[in-house]
Amino acid sequence: MDNTSQILERSAELFSGQRLLLVNPTADGLTRKLAADWTLWSWDFAVIQGLSGQLPVEQLVFSHLCPEVEALDAAIVLMPKAIERAEYALAQVAPLLALGKPIYLVGEKKGGITRAERLLGAYGAAPEKLDSARHCQLWRVVTDKPAPAFNLNAWQQRYALQLEDQQIELLSLPGVFSHGRLDEGSELLLEERKALPSGKVLDFGCGSGVLSIALARRNPDCRFELVDVDALAIWCAQQSLQLNGVEAQVYASDGLSEVHGRYACVISNPPFHTGIRQDTSIAERFFNQVTRNLLPRGELRIVANGFLRYPPLIEEHIGPCEVLRENNRFKVYSAIAPG
């Protein structure tokens, strides 16, 4: 089990036999070791896949919205990477709890748990730190006032992007990549006007769907499929496609796990690294696996930080790598699979 689950297990007497909502869980054996009536809410498809079989399907919820669980004894939220995602989750959890019921927040110090007192203070007086171990902390607040009903519209951010050839309306939610703006990498990829090959196109790690919307309009002979691991991104992409009158298929996938068939093109602004850490193992696995999803002479077109050594990996697994466009931070790469 990871450190956050271990610190929860240390406080097992708080949870045993209770009706619990666990938010943003890790894919480990916590629910097997800690006997309770569990409902798990995750926006990470990889976690849901990893927990499959540990709980009945109806107790494992993959969604952008929290399940409406009744008669809860407590809710436990594992601190997300993005502070705004924590606020989004807590705003949905708190209205489910009767007054006097606790909300627990657990996480690593480097993951933002030091903000727990402020986050929990919105739902009750005097949040308390119950435990600290393995660079993690466990906090609790007892609800002492009715929480306002959750309103999804208040958390959605709708904004317009003006590209050279079109305007795009996008919908975004907290924690979705590049929330409320167009990131520099995607902007550079969209500046490239070279046509995509006709046929099926896969948008890998689609976020709010901006790449597919813009490129579908420019390439009417293409049919787009969008995949992401994040339930909030999937929801945003579906809504953004509707706002712009673009038809495409959107579904969840852990990497390429749910992607079947072969494509004329795969496009991506791939989430393969964190900060400046040059760990290319995830990218290498993707480049290796994506070959099975490219048609003969199919194109891989991605944008990435220029310092990442992707060209040798792309050429090893797919084919000769061409730089279509670059600036001082990013490069747009294109590679054609063998015929």
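1. The hairpin of E15 and E16. In this predicted model, E15 and E16 form a hairpin, and three residues lie between the two strands. Strand E15 covers residues 321-326 and strand E16 covers residues 330-336; their pairing is antiparallel and runs over five bridges.

2. Strand E10 (residues 199-204) pairs with strand E11 (residues 222-228) in the parallel sense, over six bridges. Within this pair, Lys200 stands opposite Arg223 in E11.

3. Another open sheet of seven strands has the order E3-E2-E1-E4-E5-E7-E6, with mixed pairing. Strand E3 (60-62) and strand E6 (128-133) stand at its edges; each has a single partner strand, so one side of each is left without a neighbour in the sheet. Neighbouring strands here are turned by 15° against each other on average, with direction ignored.

4. Which strand pairs with E3 in the parallel sense over three bridges? The partner is strand E2 (residues 37-42). The bridge partner of Ser42 in E3 is Phe62. Leu60 also lies in strand E3. Is Leu60 buried or exposed? Leu60 is buried, for its relative accessible area is 13%, and the limit for a buried residue is under 20%. Apart from neighbours within four places in sequence, Leu60 is in contact with Leu40, Ile48, Leu51, Ser52 and Leu55.

5. The largest nonpolar core. This core has 36 residues, and those with the most contacts inside it are Leu21, Val23, Trp41, Val93, Ile103 and Leu105. At least two residues each come from strand E1 (19-23), strand E4 (74-78), helix H4 (83-93), strand E5 (102-108), helix H5 (116-120), strand E7 (136-142) and helix H9 (231-243). Helix H4 gives the most to this core, with seven residues.

6. A separate core of 34 residues includes Leu161, Val210, Leu215 and Cys265. Cys265 can be compared in position with Leu60 of strand E3: the two residues are 205 apart in sequence, and their C-alpha atoms are 34 Å apart in space.

7. Two residues with positive phi. Most residues other than glycine have a negative phi. Asn24 has a phi near 60°, a positive value in a residue other than glycine. Asn24 is placed in the loop between E1 and helix H2 (30-33), and Asn24 is buried, with a relative accessible area of 15%. Arg134, which is not a glycine either, has a positive phi of about 50°. Arg134 is found in the loop between E6 and E7. In contrast to the buried Asn24, Arg134 is exposed, with a relative accessible area of 52%.

8. The protein as a whole. How many helices and strands are there in the protein? There are 11 helices and 16 strands. The radius of gyration is 22 Å, close to the 20 Å that the globule rule gives for 339 residues, so the protein is as compact as a globular protein of that length. Along the principal axes, the C-alpha trace spans about 60 × 40 × 35 Å.

9. Burial, contacts and surface. Of the 339 residues, 53% count as buried. Among contacts between residues at least 6 apart in sequence, 65% join residues at least 24 apart. The accessible surface of the protein comes to about 15200 Å², and 47% of this surface belongs to carbon and sulfur atoms.

Methods: Residues are numbered from 1 along each chain as its sequence is written. This is a predicted model: local features need pLDDT of at least 70, side-chain atom pairs count only at pLDDT 80 or more; totals for chains, interfaces and linings use all residues. Side-chain values use heavy atoms; hydrogens and water are left out. Two strands pair if DSSP finds at least two bridges between them. Helices (H or I, at least four residues) and strands (E, at least two) are DSSP runs, numbered from the N terminus. Axes are lines fitted to C-alpha atoms, for helices over the stretch in contact, and angles run from 0 to 180 degrees between N-to-C directions. The radius of gyration is taken over C-alpha atoms; the globule rule is 2.2 Å times the number of residues to the power 0.38. Buried means under 20% relative accessible area, exposed over 50%, partly exposed in between (1.4 Å probe, protein chains only). Contact means heavy atoms within 4.5 Å. Accessible areas come from the Shrake-Rupley method with a 1.4 Å probe; for residues, only the protein chains shown count as cover. A nonpolar core is a set of buried Ala, Val, Leu, Ile, Met, Phe, Trp, Tyr and Cys residues joined through side-chain atoms within 4.5 Å.
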